[in-house]
Amino acid sequence: MERTLVLVKPDAVKRGLSGEIIARLEKSGLKLVALKMLQANQVLASKHYAVHKERPFFNDLIQSITSAPIAAAIFEGDNAVKRARVVMGATNPANAEKGTIRGDLGLSIEANSVHGSDAIETALFESSLYFAECEVTEYNRE
């Protein structure tokens, strides 16, 4: 069973969209196995976005993700990474299909409401930044 990390970004948290975003992912058949709200600091944000450290937009990423609280979640299911990304839509809301989270709720490429891991390996790394293994639940859906 595959897991993926999803972050409801500050722009969406401030607009009261956390529940809707989580609900859309659950309605897609993914199982929510971890959830918390937190304020990301510079250290956490820098670790999360380390792959972009040399890119010109790195500081903007850090500033954005630390600007207000985020809701961090882990979802589980077959092909969880790919399925979550389909529900989220294209990174740039202008290119995201209607019916996707970013297509319906994203404001701009910077304020696109949600982050999702892009690969299984990335999901494992990113999840470990936000959750201890003991914070991830195991249960059966009925």
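Select Gly-29 to begin: just after helix 2, this glycine takes a positive phi of about 105 degrees. Helices here (H or I, at least four residues) and strands (E, at least two) are DSSP runs, numbered from the N terminus. What you have open is a predicted model, where local features need pLDDT of at least 70 and side-chain atom pairs count only at pLDDT 80 or more, while totals for chains, interfaces and linings use all residues. Numbering starts from 1 along each chain as its sequence is written, and side-chain values use heavy atoms, with hydrogens and water left out.

Now step back to helix 2, residues 18-27, and pick Ser-18, Ile-21, Ile-22 and Leu-25, which are buried (under 20% relative accessible area; exposed is over 50%, partly exposed in between; 1.4 Å probe, protein chains only). They cover an arc of only 95 degrees around the axis, so they sit on the same side of helix 2; the arc is that of the directions from the helix axis to the C-beta atoms.

Zoom in on strand 3. Eight of its eight residues are buried, so strand 3 is largely enclosed by the rest of the structure. Show side chains: Ile-70, Ala-72, Ile-74 and Glu-76 point one way, and Ala-71, Ala-73, Phe-75 and Gly-77 the other. Seven bridges tie strand 3 to strand 2, with Met-37 partnered by Ala-71. Strand 1 also pairs with strand 3 over seven bridges; look for Glu-2 and its partner Gly-77.

On to strand 1 (residues 2-8) and strand 4, joined by three bridges. Here Val-6 stands opposite Gly-116.

Last stop: Lys-31, in strand 2. Is this lysine buried or exposed? Lys-31 is buried, at a relative accessible area of 13%. Leaving aside residues up to four places away in sequence, Lys-31 touches Ile-74, Phe-75, Glu-76, Tyr-139 and Arg-141 (contact means heavy atoms within 4.5 Å). Glu-76 is 45 residues away in sequence but 5.0 Å away in space, C-alpha to C-alpha. Finally, draw a distance from the backbone oxygen of Tyr-139 to the side chain of Lys-31: a polar atom there lies 2.4 Å away.

Conventions. Two strands pair if DSSP finds at least two bridges between them. A polar contact is a pair of N or O atoms within 3.5 Å; within protein, one must be able to donate a hydrogen and the other to accept it, and residues adjacent in sequence count only if both atoms are side-chain atoms.
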